[in-house]
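Dear colleague,

I am passing on to you the structure we spoke about, with the sequence alongside.

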Amino acid sequence: MIPLKYNVRNLRVRWITTLMTVIGTGLVVWAMVLTFGLTDGLEHALSISGQPLDLIVLRKGANDETGSNVAQATADQIADLEGVAKNDQGQPLCSAEFVTILTKPRRNNGGTTNLIVRGVDVMSRELRPDFKIVKGRDLKPGVNEAITSENMARRFENLAIGEKLEINKVDFEIVGYFEAGGSSAESEVWTDIRDIASARRTADAISSVNLRARDKESQALLVDKLKNDEQFSLQPLPEPEYFAKQLEQAVFIKFVGLFIAVFLTIGAMFAAANTMFAAVASRGREIGTLRALGFKRRSILLCFLLESVILCLLGGILGCLATLPFNGLSTGTANWATFSEITFAFRFGPRVLLQGVLMSLAMGLLGGLIPAIRAVRLNIVNALREQ
């Protein structure tokens, strides 16, 4: 085998070419990992929203909350069902909620898009993961106040604390920002259910009933009763199943991201191949000398492949490190399941970074293969005659 220090020395001697190839590969990996981090953040926002014991109860036949309607009397009966979990004060973990979609302008002339406004009651907060007010205060019922997340306040006009969101010619003052564990709830504006129903002139309107079952067995019994009992005849869905359907809508974004990644990888392979072809062309005498000293074709092949892999791995590591400042940066896109905006944060965890490193490894192997084959096929005598 040819010693590794031979490859390192050659890369150091041709440092300008080495540097340009590493930077080029790094930029490609940076762009790919950004794409992977984008789709991972969207998947995380939707998957964390679904709590295993929670149910979303909709009108039978409704696909989502915006197309559902549940009677107030029915919602009250659901809260009293056996099997619904209770909090420390003995109150059932069950909330009746009203969801409406408004078209509102983004900040910085970003056009208009749909915004989810949710009417909630006191128990809604306990049903969301890690709900807490992080700035300002919680809303007071009956005085047209609202809360949202900081991400939404940055993206939409009239959602900052102190600003007023107009709903059907009624102003709702934003009084605080909340967090909910990075779930899809952070893509919504919350107000009191009676205030929003009054503003929309739809008294006692309820879109869904959210509840938490005491355990898995109770959840199965609740699903059976709500679905098959003629008293209810509703559509109860476990939250993970409900949000998994929305996650299916993210497949298109994932496909586009994968297409871009493959396209960029092919481009980077050509760059790596070009660099290694230049290396082979300028080192003909070296290759001939190595062969004359007794190194086998297999050793020459592995030597040039290793050089290509080192170049691309260095670029891959550089590209991965360059994405870290973007970790947690919030962004948003359209949720095609609800036709509204969903915000989420870039996530560059070990899995995403490993994908970037593996892609750079593939670039090095595939991009360096043909130049390495050309190197082993050089005629020893002709190679030694090269200047």
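This is a predicted model: local features need pLDDT of at least 70, side-chain atom pairs count only at pLDDT 80 or more; totals for chains, interfaces and linings use all residues.

The unreviewed UniProt entry carries the annotation "transmembrane region" for residues 12-38, 255-280, 300-326 and 352-373. In the model, the span 12-38 is 96% helix and 0% strand, and its end C-alpha atoms lie 36 Å apart. The span 255-280 is 100% helix and 0% strand, with 37 Å between its end C-alpha atoms.

The pair of helices consists of α10, which covers residues 297-323, and α11, which covers residues 350-376; their axes come within 7 Å and cross at roughly 150°. Because angles over 145 degrees count as roughly antiparallel, α10 and α11 are therefore described as roughly antiparallel to each other. Their crossing is right-handed, and the residues that make up the contact of α10 with α11 divide into 18 nonpolar, eight polar and one charged.

The serine is S207, which is found in the loop between α5 (193-199) and β9 (208-212). With a relative accessibility of 2%, S207 counts as buried, because the cut-off for that term is under 20%. Leaving aside residues up to four places away in sequence, S207 touches V57, L58, E65, S68, N69, V70, E97, F98 and V99.

Technical notes
Residues are numbered from 1 along each chain as its sequence is written. Side-chain values use heavy atoms; hydrogens and water are left out. Helices (H or I, at least four residues) and strands (E, at least two) are DSSP runs, numbered from the N terminus. Buried means under 20% relative accessible area, exposed over 50%, partly exposed in between (1.4 Å probe, protein chains only). Contact means heavy atoms within 4.5 Å. UniProt positions are given in the numbering used here, feature names are shortened, and annotations may be inferred rather than shown by experiment. Axes are lines fitted to C-alpha atoms, for helices over the stretch in contact, and angles run from 0 to 180 degrees between N-to-C directions. Angles under 35 degrees count as roughly parallel, over 145 as roughly antiparallel, 65 to 115 as roughly perpendicular and the rest as oblique. A crossing is left-handed if the near helix is turned anticlockwise from the far one by less than a right angle, and right-handed if clockwise. Ala, Val, Leu, Ile, Met, Phe, Trp, Tyr, Cys and Pro count as nonpolar, Asp, Glu, Lys and Arg as charged, and the others, Gly among them, as polar.
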